[in-house]
Amino acid sequence: MAAEPEMLAELRRLRARVPQLTGALVAGVDGLVLAQDTPGVEAEGVAALTATALAVAVRLTDTTGRGEFRELLVRGVHGYVATYAAGRSAVLTVLAQDRVNVGRLHLESRRSGALVGEIVDAAERARAPAPARPAPAAVRTRGVRPARPTTTEPRTTTES
């Protein structure tokens, strides 16, 4: 993806703003890695698991009437895994130490998720082919009348 350098730069800026982050990645909702800064972690596996967790989270928010998915936070003994919506077709997943300030984690990750979402959405718009124009119903040339349909019925006085 052409936007990978921009996304990677944002992941690095996020890690600089929140020093307790141990990794960050952007994945498509299909579980494919779009950009990653996850030293010591298998990014492809995390992205695939993120897609699975995302599917459950989306279903849960829908079933409980909580609206569109925004974020998911999982806490383990050694830290956090947080996933944030990033545009229409991607998510930002961050890995953080247990001592991270969770409020700061959310604040900075939400901002990065929004920026990454803009990058991903813009890249998708640039890749998408232009929509096909519908064929015109009838082409008329100035001064030329369209041919009249032929009928077997007699003409009336109102037709000319």
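This is a predicted model: local features need pLDDT of at least 70, side-chain atom pairs count only at pLDDT 80 or more; totals for chains, interfaces and linings use all residues.
**Helix H2**

Let's start with the geometry of H2, which covers residues 43–63. Along H2, the buried residues are Ala43, Val46, Ala47, Thr50, Ala51, Leu54, Ala57 and Thr61. These residues lie on the same side of H2, because they cover an arc of only 145° around the axis. An α-helix has 3.6 residues a turn, so residues three or four places apart point the same way.

What do the buried residues of H2 pack against? Their partners are the strands listed here:

| Strand | Residues |
|---|---|
| S1 | 21–28 |
| S2 | 33–37 |
| S3 | 71–76 |
| S4 | 79–86 |
| S5 | 90–97 |

On the face turned away from the buried side, H2 carries the exposed residues Leu49, Val56, Arg59, Leu60 and Thr63. After H2 comes glycine 65, with a positive phi near 70°.

**Helices H1 and H3**

Now for the helix pair. H1 (residues 4–17) and H3 (residues 102–127) have axes that come within 10 Å and cross at roughly 170°. The two helices are therefore roughly antiparallel to each other. From H1, the contact involves Glu6, Met7, Glu10, Arg13, Leu14 and Arg17. H3 contributes Arg104, Glu108, Ser109, Ser112, Leu115, Val116, Ile119 and Val120.

Technical notes
Residues are numbered from 1 along each chain as its sequence is written. Side-chain values use heavy atoms; hydrogens and water are left out. Helices (H or I, at least four residues) and strands (E, at least two) are DSSP runs, numbered from the N terminus. The expected span of a helix is 1.5 Å times one less than its number of residues. Buried means under 20% relative accessible area, exposed over 50%, partly exposed in between (1.4 Å probe, protein chains only). The arc is that of the directions from the helix axis to the C-beta atoms. Contact means heavy atoms within 4.5 Å. Axes are lines fitted to C-alpha atoms, for helices over the stretch in contact, and angles run from 0 to 180 degrees between N-to-C directions. Angles under 35 degrees count as roughly parallel, over 145 as roughly antiparallel, 65 to 115 as roughly perpendicular and the rest as oblique.
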